[in-house]
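Here is a short briefing on one protein model. Look at the structure first, then work through the points below.

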Amino acid sequence: MNIRSRTPKDDQAIAELNRLAFKRGNEASLVESIRQTNCYIPELELVAEMDCGVVGHILFSYIDLVGQENLQVIGLAPMAVMPEFQGQGFGSALVRAGLETASSLGELMIIVLGSPQFYSRFGFEPSVIYGIESPFEVPEEFFRVKPLKNYQERYRGKLIYPPAFKGV
Ligand SMILES: CC(C)(COP(=O)(O)OP(=O)(O)OC[C@H]1O[C@@H](n2cnc3c(N)ncnc32)[C@H](O)[C@@H]1OP(=O)(O)O)[C@@H](O)C(=O)NCCC(=O)NCCS
């Protein structure tokens, strides 16, 4: 398996695998919308590739954190692995590669809405622990934060997702 940044040639495969993994088109459209905004970070759109082609995809993009100071933090969404390749470590490898790249880019923290069991293994903790307010009405354990090396405790507040996320 090889993990690398996305190139435009991957876009059709990325859209298809998002549609297959989520069994709907919302996430494929979300990816395409985010690419058109200034929240997009090319280094943080990654694919997992096998000889047969792209089997996994992950996208991290900027979200506003509004508090005493206004900052940009990183949201992980969406992530998808082709159904027949799930449960073989591709998703975990994509998360780890993304966390490493985000940290090396000097980003502050990663936000995710998702399974506590899956994301806790990478060090994501409920956002309330960090004083970060979820904009979604979900149980606290589903909205998580992973602080990176440049994180500081004073980074608190409410997250405002870009309009691209409406309708997902
Ligand atoms: C979530 C997803 C990307 C994980 O990728 P993956 O390659 O299957 O993950 P890995 O093989 O690295 O890890 C599998 C582990 O995660 C767990 N897991 C996978 N998807 C999960 C989910 N949606 N909820 C809870 N746990 C999940 C598996 O049970 C497994 O646990 P184990 O290691 O204890 O056996 C993939 O299952 C997928 O595409 N799902 C459909 C789309 C989706 O829900 N995306 C995430 C929301 S953005």
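A shell of 18 residues surrounds the ligand, and the closest are Ala21, Gln86, Gly91, Ser92 and Ser115. Keep in mind that this is a predicted model. The points below start at the ligand and then move to the helices and strands.

**Around the ligand**
- Four elements each supply at least two residues of the shell: H1, S4, helix H3 (90–104) and helix H4 (116–120).
- Strand S4 gives the most, with five residues.
- By class, the shell has nine nonpolar and nine polar residues. It has no charged residues.

**Helices H1 and H2**
- Helix H1 spans residues 11–22 and helix H2 spans residues 26–35. Their axes come within 7 Å and cross at roughly 145°.
- On the H1 side, the contact is made by Ile14, Ala15, Asn18, Arg19 and Phe22. On the H2 side, Asn26, Glu27, Ala28 and Val31 take part.
- Sorted by class, this contact of H1 with H2 has five nonpolar, two polar and two charged residues.

**The buried side of H2**
- Which residues of H2 are buried? They are Glu27, Ala28, Leu30, Val31 and Ile34.
- An α-helix has 3.6 residues a turn, so residues three or four places apart point the same way.
- What covers the buried residues of H2 includes H1, strand S2 (40–50), strand S3 (53–66) and strand S4 (70–81).

**Strand pairing**
- Strand S1 (residues 2–5) pairs with S2 in the antiparallel sense, over four bridges. In this pairing, Ser5 stands opposite Leu46 of S2.
- S2 also pairs with S3 in the antiparallel sense, over seven bridges. Glu45 has Leu59 of S3 as its bridge partner.
- S2 and S3 form a hairpin, with two residues between them.

**A closer look at Leu71**
- Leu71 is found in strand S4.
- Is Leu71 buried, exposed or partly exposed? Leu71 counts as partly exposed, because its C-beta has 17 C-beta neighbours inside 10 Å.
- Leaving aside residues up to four places away in sequence, Leu71 touches Leu65, Leu108 and Tyr155.
- Leu71 and Tyr155 are 84 residues apart in sequence. In space, their C-alpha atoms are 8.0 Å apart.

How values were computed:
Residues are numbered from 1 along each chain as its sequence is written. This is a predicted model: local features need pLDDT of at least 70, side-chain atom pairs count only at pLDDT 80 or more; totals for chains, interfaces and linings use all residues. Axes are lines fitted to C-alpha atoms, for helices over the stretch in contact, and angles run from 0 to 180 degrees between N-to-C directions. Two residues are in contact if their C-beta atoms, placed from the backbone, lie within 7 Å. Ala, Val, Leu, Ile, Met, Phe, Trp, Tyr, Cys and Pro count as nonpolar, Asp, Glu, Lys and Arg as charged, and the others, Gly among them, as polar. A residue is buried if 20 or more other C-beta atoms lie within 10 Å of its own, exposed if 12 or fewer, and partly exposed in between; C-beta atoms are placed from the backbone. Two strands pair if DSSP finds at least two bridges between them. A residue is near a molecule or strand if its C-beta atom, placed from the backbone, lies within 6 Å of it.
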